Amino acid sequence: MRKDLITDAAIELVAELGMRGLTHRAVDRKAGLPEGSTSAYFRTRKALIEGFVERLAVQEQQEIHLDTADLAGSIARTIDNWLVERNRTLARYAAMLEATHHPELKSILVHSPREQATALAQALGHENPERSGAHITAFIEGLLFYRLVGGGSTTGPVPGTEESFQDLRKAVEKALRP
């Protein structure tokens, strides 16, 4: 589907060049499409950003597979996969940062695993599942950011390895305790 090709090219551009590199023409070139193709699907830069963030959200949601027998392990595996898919995660964070400076982009911040985290907190027996869900989300985002671009990116295990999975699993186990 052409729309997916465009949003995937936008994701790659943002990961490689940051938000300043995101233009309709640059996306056309990256996707190998005739000039004007991106504009036909996404008339404004805001629409283009919303489009690629929505694509990211769909891709990430498809990767979340919670195993009730091993919640910490399944969350750790998801985080590790997001670290392996580094460009997608970098693009998501770049878009989130862009939204802090441009109120018209705040709608992209709704793409969050918070609802799933709230349901998880409720299943784990937390007293205030909504608040705990927010805490779990913040923890996962913080851990992901730390391992992606923070100090953990230089000192942590290589993403996609058993060592990385086990390291993330230990951290998640601690965070899930009520």
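Student: Which helices do the buried residues of α8 pack against?

Tutor: Some terms come before the case. Helices are DSSP runs (H or I, at least four residues; strands are E, at least two), numbered from the N terminus. Buried means under 20% relative accessible area, exposed over 50%, and partly exposed in between, with a 1.4 Å probe and protein chains only. Contact means heavy atoms within 4.5 Å. In this structure, the buried residues of α8 pack against α5, α6, α7, α9 (152-155) and α10. Among those buried residues are P129, G133, I136, I140, L144 and L148.

Student: What kind of model is this, and how are residues numbered?

Tutor: This is a predicted model, in which local features need pLDDT of at least 70 and side-chain atom pairs count only at pLDDT 80 or more, while totals for chains, interfaces and linings use all residues. Residues are numbered from 1 along each chain as its sequence is written, and side-chain values use heavy atoms, with hydrogens and water left out.

Student: How many residues does α8 have, and what span does it reach?

Tutor: The expected span of a helix is 1.5 Å times one less than its number of residues. Helix α8 has 20 residues and reaches 28 Å from first C-alpha to last, close to the expected 28 Å.

Student: How many residues of α5 are buried, and what covers them?

Tutor: Helix α5 is mostly covered, with 11 of its 14 residues buried. The buried residues include L71, I75, I79, W82 and L83, and also the charged residue D80. Their cover includes α4, α6, α7, α8 and α10.

Student: What does T118 touch?

Tutor: T118 is in helix α7 (residues 114-123) and counts as buried at 19% relative accessibility. Leaving aside residues up to four places away in sequence, T118 touches P129, E130 and G133. P129 and G133 are themselves among the buried residues of α8.

Student: How is a pair of aromatic rings described?

Tutor: A pair of aromatic rings is described by the distance of the centres and the angle of the planes. Rings of Phe, Tyr and Trp (its six-membered ring) pair if their centres lie within 6.5 Å; planes under 30 degrees apart count as stacked, over 60 as edge-to-face and the rest as tilted. By this rule the count is 1 aromatic pair. That pair is Y93 with F145, edge-to-face, at 5.3 Å centre to centre and 90° between the planes. Y93 lies in helix α6 (residues 86-101) and F145 in helix α8 (residues 129-148), so the pair ties together parts 52 residues apart in sequence. Y93 is buried at 11% relative accessibility, whereas F145 is partly exposed at 39%.

Student: Which charged groups lie over a ring?

Tutor: A charge sits over a ring if NZ of Lys or CZ of Arg is within 6 Å of the ring centre and within 35 degrees of the ring normal. R92 lies over the face of Y93, 5.0 Å from the ring centre. The charged end of R77 sits over the ring of F165, at 3.8 Å from its centre.

Student: How many salt bridges does the whole structure hold?

Tutor: Side chains of opposite charge can pair when their charged atoms come close. A salt bridge is a side-chain nitrogen of Lys or Arg within 4 Å of a carboxyl oxygen of Asp or Glu. A search of the whole structure finds 13 salt bridges. One of them joins E63 and R88 at 2.4 Å, N to O. E63 lies in helix α4 (residues 45-63) and R88 in helix α6, so this pair ties together parts 25 residues apart in sequence. R88 counts as buried at 11% relative accessibility.

Student: Where does R169 take part?

Tutor: R169 meets D70 in a salt bridge of 2.7 Å, N to O. That pair links distant parts of the chain, with D70 in the loop between α4 and α5 (71-84) and R169 in helix α10 (residues 162-176), 99 residues apart. D70 is partly exposed at 23% relative accessibility. R169 also meets E173, at 3.5 Å, N to O. E173 and R169 are 4 residues apart in helix α10, so about one helical turn separates them.
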